[in-house]
Amino acid sequence: MSMNVQPQPDRPDPTVIAVQNDAFRKLACLGVPPAQPIQGRMHVTRSLMEAGDGFMAEAVKATGEFATFEPENDPEGWHDFGAVEIRGETVFWKIDLYEAGSDFRYGAETPDNPETTMRVLTIMMARDW
């Protein structure tokens, strides 16, 4: 089942945000440079770091390769959340969008503008949620 998300005049374009979020994930997780600069950082939880034996590297790679977006896991169409399975463990990832220069205190006013938006990708064990 697919859902077509239509941009609204007073709302940011979800298709643009999805493309930017995908590009940022691929940059942060796979080292694939984006077509245009995208500001952001990646964080992983302590339990993911402590999983050992290359688990974190597998989780980061799977996050970068994730492409299964459905209305159930992506209702806004922003490609800002996903879950991957690594060795029988569920790993969540989430991208939050902040106003650049706000020290991560304020959500992005224009999240489809990469010049004013700072992305934070968090990768965590599902049990950390």
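**Surface, fold and core**

Reply: Start with the surface. The protein chain exposes about 7500 Å², and carbon and sulfur atoms supply 52% of that area. Keep in mind that this is a predicted model.

Me: What makes up the fold, and in which pattern along the sequence?

Reply: The protein chain has 3 helices and 4 strands. Read along the sequence, they follow α-β-α-α-β-β-β.

Me: What share of the residues counts as buried?

Reply: Of the 129 residues, 38% count as buried. The cut-off is under 20% relative accessible area.

Me: Why does Asn21 count as buried?

Reply: Its relative accessibility is 0%. Buried means under 20%. Asn21 therefore counts as buried. Asn21 sits in helix 1. Leaving out residues up to four places away in sequence, Asn21 touches Trp78, His79, Asp80, Ile95, Leu97 and Arg119.

Me: What makes the largest nonpolar core, and which residues have the most contacts inside it?

Reply: This core has 22 residues. Leu48, Ile86, Val91, Trp93, Leu121 and Ile123 have the most contacts inside it. Two or more residues come from each of helix 1 (14-30), helix 3 (55-65), strand 2 (81-86), strand 3 (89-99) and strand 4 (117-125).

Me: What does Ile123 contact, apart from its neighbours within four places in sequence?

Reply: Ile123 is in contact with Cys29, Met42, His43, Val44, Thr45, Leu48, Val60, Thr63, Val91, Phe92 and Trp93. Contact here needs heavy atoms within 4.5 Å.

Me: Which residues of helix 3 are buried, and what do they pack against?

Reply: Phe55, Ala59, Val60, Ala62, Thr63 and Gly64 are buried in helix 3. The buried residues of helix 3 pack against helix 1, strand 1 (39-44), helix 2 (46-49), strand 2, strand 3 and strand 4.

Me: How many of the contacts join residues at least 24 apart?

Reply: Among contacts between residues at least 6 apart in sequence, 61% do.

Me: How many side chains are positive and how many negative?

Reply: There are 11 positive and 21 negative side chains. The centres of the two sets lie 5 Å apart.

Note on methods. Residues numbered from 1 in each chain as written. Predicted model: local features only at pLDDT ≥ 70, side-chain atom pairs only at ≥ 80, totals over all residues. Heavy atoms only, no water. Buried < 20%, exposed > 50% of the residue type's maximum accessible area, 1.4 Å probe, protein only. Areas by Shrake-Rupley, 256 points an atom, 1.4 Å probe, with all protein chains shown as cover. Lys, Arg positive; Asp, Glu negative; His and termini not counted. Charge placed at Lys NZ, Arg CZ, Asp CG, Glu CD. Core = buried A, V, L, I, M, F, W, Y, C linked by side-chain atoms within 4.5 Å.
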